[in-house]
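User: I have a structure open and would like to go through it in plain terms. Can we start with the words you will be using?
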Amino acid sequence: MPRPRRASGFTVIEVLTALAIAAVVAAMTLPPMSRALADVRIQSDARAIHRLISSTLMTAAAKYTRTRVIADLGAGTLRAQRLDRVANVWVDDGDVVALSSSVHFGTSTLQEPPPSTQTTLGQSPACLNDAHTPIAGTACILFNSRGIPIDGSGSPVGSSALYITNGVQVFGVTLSATPLVRLWSSPAYAAQWTQRP
């Protein structure tokens, strides 16, 4: 008499074991993936700031007018503006750039600026509105019609900067009087600035 065939397939115990192994592997890979995504977000935002500042500088020289990058520190947005010389008012020049959800303007706990940039670590001063009064909660990088960074009174400056952080890293875009736009990064816990390409 032939032996009855056993049904092929997996037992409940085998399926549960495979699911448990998959859950352990997923739990081990999730934190490194989260950190990698956070790194990509802040680097992408820093490069976007660098590009916006560089293009605003070039627009000033190309169109022979004042331009500026205005950062809304609370909202986490940036935009380029140019001075309409006929109406003598600032007008937006391009789209608004928004920081990623886990990135905000700030320097975390760092106290020292990148080398040969600023005497004191900090965001650029507030932008001025059309009535020449400071706009609360902003930071401004202003260029004259030759693309030279200036302060609100029109004097050349070499210490403009914008800093962003995600709590783990800090990125800074600094501007010298020459004007040289540089991108920096540092761990958020200690000022170990590295210039990025």
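Analyst: Buried means under 20% relative accessible area, exposed means over 50%, and partly exposed is in between (1.4 Å probe, protein chains only). This is a predicted model, where local features need pLDDT of at least 70, side-chain atom pairs count only at pLDDT 80 or more, and totals for chains, interfaces and linings use all residues. Residues are numbered from 1 along each chain as its sequence is written, and side-chain values use heavy atoms, with hydrogens and water left out.

User: OK, how many salt bridges are there?
Analyst: The count is 2 salt bridges. A salt bridge here is a side-chain nitrogen of Lys or Arg within 4 Å of a carboxyl oxygen of Asp or Glu.

User: Which residue does Arg79 pair with?
Analyst: Arg79 pairs with Asp92, and their closest N and O atoms are 3.1 Å apart. The two residues sit in distant parts of the chain, 13 residues apart: Arg79 in strand E2 (residues 77-84) and Asp92 in strand E3 (residues 89-92). Strands are DSSP runs (E, at least two residues), helices are runs of H or I with at least four, and both are numbered from the N terminus.

User: Changing topic. How much space is in the largest pocket?
Analyst: About 430 Å³. On a 1 Å grid over the protein atoms alone, a pocket is an open set of points where a 1.4 Å probe fits, with protein on both sides within 12 Å along at least five of seven lines; lining residues have an atom within 4 Å of a point. The volume is the space filled by probe spheres set on the points, which are joined across faces, edges and corners.

User: What lines it?
Analyst: The largest pocket has 24 lining residues, and Leu128, Cys140, Leu142, Asp151 and Gly152 lie nearest its centre. Strand E6 (residues 138-143) gives the most to this lining, with 3 residues.

User: Where is Leu19?
Analyst: Leu19 is in helix H1 (residues 12-63). Leu19 counts as exposed, at 54% relative accessibility.
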